[in-house]
Amino acid sequence: MNEKNINCPNITMRLETASVLVNKAIDAVTMNKIQKRNLIWLELTGCSGNIISLLDGADPDFKSLATQMVKIVYDNSLMAAEGEFAMEKLFNMLGKDYILAVEGAVSTKDGGLYNVIGRFKGESITAYRAIKELGEGAAYVIAVGTCASDGGISAARPNPSKCVGVQDLLNRKVIKLPGCPCHPDWFMGTLAYILLFGEPALDERARPLMFYSTLIHDCCPRHPFFEQGVFAEKLGDETCMFKLGCRGPVTRVDCPIRKWNDRVNWPIGDNSPCIGCAMFGFPDKMKPFISYNTT
Amino acid sequence: MNDREFYVNSIFKEMHSTIDSLYVTCNSCTKNTLLNSLRKNISDLSVLLQGAQNDVQKNNTANAPDIISSPNKSFTRAELSRYNGKNGNPAYVAVNGTVYDVTNNAAWAAATHFGLTAGRDVTREFTSCHSGQPILSRLKAVGKIVT
């Protein structure tokens, strides 16, 4: 099925979207047609899975992004500076030009006290304060991953720290790249597009159409089984997992084409139902992730 | 299902898919292609409708099968709750007093949909999320709710 699909121009072009954009952005920076812009990457209330995912990017890879496309000013997982020195770099960007990428939700209970990202001038800096101060002044804000986009796992019931997505705290547009984690292509392609052309075309939920325009179900290599009513009865069956609770029919993103881990595979390709991790409402509204006694 | 019903259902499915694509495409060439596809679908439906009318006249009988069946079963809320898509039961939901079959509806995998379960009246949730969207016309109506 996949070997046949590779001849489809729609699929081939989609596979190249991110690398074409990143290469164009790098060329434009190299030829001084555009400026290398500052990038701040904030890790808030989450698992740091999105920065790990970004580091796993391939064609385009993270090295290209970090060395040739943007200037990464702050990322607590990657930068050499630490403590007060790191926070100084972060807050020195206020009033300057920067693009803000945020992973993780924002804890709001008790003034955000349940997520302190550092100390600066003797004060604890909460994720809540960081996003309020840095979010409004950024040239663009990109919510990377489901937690930043919609609260995600950090905001799952009972949500003890009252986590919310970034958009809930900012009176400005936030470009959303939901996914648990966000695919490296989705972030790098969106960032490259911003550098080259400004804001990309977005859907009604502020997701870039170039990555989030089709349902997983519509591009799924097992879709013919759904149409024929041939359903998997247990994990491992290589047919449509609709009856097991697959959320591909309600999840809008291009996993079946792009795949993961250097484009090796993706959940359904490995006989696991889609759990809707890139859909708003994940995880609470995507449950149950697996079900065995359906009709 | 006879051949004609099969073709009509296939065309409706294709039209819904085309309309979904029209919502998200920005490219004018793609839009024109999709609109042409809709025109072709309408043309095909006209031919099928004409054929159905000819058959009805030919048989001259009031018992000719309708292409679209009408729901006639009544459900209490307690009865509806049994159709939860579990243990061999089909999955039904009620919206605005009409009961719909969502057993094989793609968005109702494992008889659940965004935290909702089948066997319930979901009018309030439907209105808050899907108002104005052409969703109910795609579902098979199987009955009415009685109070």
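Predicted model: local features only at pLDDT ≥ 70, side-chain atom pairs only at ≥ 80, totals over all residues.
**Reading a helix, a sheet and a cavity**

Me: Which residues lie nearest the centre of the largest cavity?

Reply: They are A:His217, A:Cys220, A:Cys240, A:Met241 and A:Cys246, out of 14 residues that line the largest cavity. Two elements of chain A, α10 (216–219) and α11 (223–228), each give two or more residues to that lining.

Me: Let's turn to helices. How should I read α8 of chain A, and what span does it reach?

Reply: Start with the geometry: an α-helix has 3.6 residues a turn, so residues three or four places apart point the same way. In chain A, α8 covers residues 184–197, 14 residues in total. From first C-alpha to last, α8(A) reaches 20 Å, close to the 20 Å expected at 1.5 Å a residue.

Me: Why is α8(A) said to be largely enclosed by the rest of the structure?

Reply: Because 11 of its 14 residues are buried, α8(A) is largely enclosed by the rest of the structure; the cut-off for buried is under 20% relative accessible area. Among the buried residues are A:Trp186, A:Phe187, A:Met188, A:Leu191 and A:Leu195.

Me: What follows α8(A)?

Reply: Look at A:Gly198, which comes after α8(A) and has a positive phi, near 95 degrees.

Me: Now chain B. How many helices and strands does chain B have?

Reply: Chain B has 4 helices and 6 strands, and from the N terminus their order is α-α-β-α-β-β-β-β-α-β.

Me: In which sense do β2(B) and β3(B) pair, parallel or antiparallel?

Reply: Strands β2 (residues 92–95) and β3 (residues 98–101) of chain B are antiparallel, with 4 bridges. One bridge to trace joins B:Val95 to B:Thr98 in β3(B). The two strands make a hairpin with 2 residues between them, and B:Asn96 in the turn has a positive phi of about 50 degrees.

Me: Which residue of β6(B) stands opposite B:Thr98?

Reply: That is B:Lys144. β3(B) pairs with β6(B), residues 140–145, in the antiparallel sense, again over 4 bridges.

Me: And what share of the residues of chain B counts as buried?

Reply: The share is 31% of 147 residues. The accessible surface of chain B is about 9300 Å², with 52% of that area belonging to carbon and sulfur atoms.

Technical notes: Residues numbered from 1 in each chain as written. Chains lettered and ligands numbered in written order. Heavy atoms only, no water. Expected span 1.5 Å × (residues − 1). Buried < 20%, exposed > 50% of the residue type's maximum accessible area, 1.4 Å probe, protein only. Pairing = 2+ DSSP bridges. Areas by Shrake-Rupley, 256 points an atom, 1.4 Å probe, with all protein chains shown as cover. 1 Å grid on protein atoms, 1.4 Å probe; cavity = no way out; pocket = protein on both sides within 12 Å on 5 of 7 lines; lining within 4 Å.
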